[in-house]
Amino acid sequence: MLDTGIDFTHPNLAANILGGFNAIVEGGSYDDDNGHGTLTAGIIAAIPYMGKGLIGTASAADLVAVKVLDTTGRGYLSDVINGLRWVHDQGIPQYNIRVLNMSLSFAQGSVPLQKAIDRLSKKNAIMVASAGNCGQAHGSVDESGGEDGGGSATGCDLSQPAQNAVLYPAVYPEVMAVAATDILNNVTKYSRYGPQVAVTASGGALASGGTPVCGDTQQSGRLLSTAPGSGYAWGSGTSHAAAHASGVVALALQCKPSLSFNQVVAQLQATAHFNTCYPAVRQGAGLIAAAQLIQALQPCTQ
């Protein structure tokens with residue numbers, strides 16, 4: 001996962017962490033000095049420790065931390081590209097990485113970024129990214145939000161699709177773009193939208209808003225996950241939606257390891273729950289449904 005790193009000593013994560021890489025500082029630590037990466041990792045693959053703590057979406061999955069964002073949660077495309085190159089050249093051969101979670105966004109892409117994505121696609125890597133939060137400072141994590149609009153009651157202006165479009169790297173066709181839903185499965189008002197959105201997943205929301213009208217409501221309720229220092233924290237945003245989707249992809253690969261990117265996306269979309277209150281540009285095929293997905297994949301071929 002490309003993020004701010006992971007707290008590799010957290011009791012609910014340590015057993016699943018294989019290693020990592022710091023793409024910002026050569027030879028630096030992949031420890032999390034921001035908190036976002038640890039929270040994201042917990043949603044994907046936390047496991048209880050001595051009967052305590054949280055359980056992630058795919059608790060049997062291994063984690064590899066690729067640190068591309070700094071202590072403020074911000075970063076440069078060059079560091080993301082460096083991290084993707086490391087995954088291609090060393091991460092896949094060493095750790096057999098299949099799923100790349102990218103809970104981050106940038107307003108613009110680049111030719112080197114697109115080439116790095118393309119190289120990983122040819123390695124059969126399944127890449128998942130957050131669609132982005134309206135009001136989010138670009139070049140940073142798509143997290144929590146309230147402070148910068150990501151999980152607040154006010155969000156995307158639906159009359160301005162160009163200004164609220166899906167961000168990079170989720171724009172690329174080799175990457176599965178994930179939008180966010182609240183605790184009542186409404187598509188959140190802060191979640192960016194466009195034809196690139198493949199599915200939605202639980203992202204939570206910092207505040208309620210809108211009216212009790214179909215397609216115009218958001219219910220507050222944040223997600224609890226792991227935090228640095230063996231702790232726990234609440235968060236909301238398309239970052240967390242992407243993490244849930246990555247966990248479900250990991251479950252699918254545990255059942256059928258040979259699945260390709262296109263096959264995984266097709267199965268996720270075929271088993272998703274479409275909410276008729278929203279157009280497809282806001283939700284793709286709808287809310288992912290892990291149980292239905294695994295049922296559709298039976299029999300497993302582990």
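Met-127 stands opposite Val-175 of strand S8 in this predicted model. Helices (H or I, at least four residues) and strands (E, at least two) are DSSP runs, numbered from the N terminus. Strand S8 covers residues 175-181, and it pairs with S6 in the parallel sense over four bridges; two strands count as paired if DSSP finds at least two bridges between them. S6 also runs parallel to strand S4 (residues 99-102), to which four bridges join it. Here, the bridge partner of Val-99 is Ile-126 in S6.

How many of the five residues of strand S6 are buried? Five of the five residues of this strand (residues 126-130) are buried, so S6 is largely enclosed by the rest of the structure. Buried means under 20% relative accessible area, exposed over 50%, and partly exposed in between (1.4 Å probe, protein chains only). Both faces of S6 are covered, with Ile-126, Val-128 and Ser-130 buried on one side and Met-127 and Ala-129 buried on the other.

Residues are numbered from 1 along each chain as its sequence is written. Because the model is predicted, local features need pLDDT of at least 70 and side-chain atom pairs count only at pLDDT 80 or more, while totals for chains, interfaces and linings use all residues; side-chain values use heavy atoms, with hydrogens and water left out.

Turning to charged side chains, the structure holds four salt bridges, a salt bridge being a side-chain nitrogen of Lys or Arg within 4 Å of a carboxyl oxygen of Asp or Glu. One of them joins Asp-33 to Lys-67, with the closest N and O atoms 2.8 Å apart. This pair links distant parts of the chain, 34 residues apart: Asp-33 sits in the loop between strand S2 (17-22) and helix H1 (36-45), and Lys-67 in strand S3 (residues 63-67). Asp-33 is partly exposed, at a relative accessible area of 43%, whereas Lys-67 is buried, at 5%.

Another salt bridge is formed by Arg-119 and Asp-89, whose closest N and O atoms are 3.2 Å apart. Arg-119 belongs to helix H3 (residues 111-122) and Asp-89 to helix H2 (residues 77-95), so the pair ties together parts that are 30 residues apart in sequence. Arg-119 is partly exposed, with a relative accessible area of 33%, and Asp-89 is partly exposed as well, at 46%.

Within helix H3, the side chains of Lys-122 and Asp-118 meet in a salt bridge (3.2 Å, N to O). These two residues lie four residues apart, about one turn of the helix. Lys-122 is exposed, with a relative accessible area of 70%, while Asp-118 is partly exposed, at 29%.
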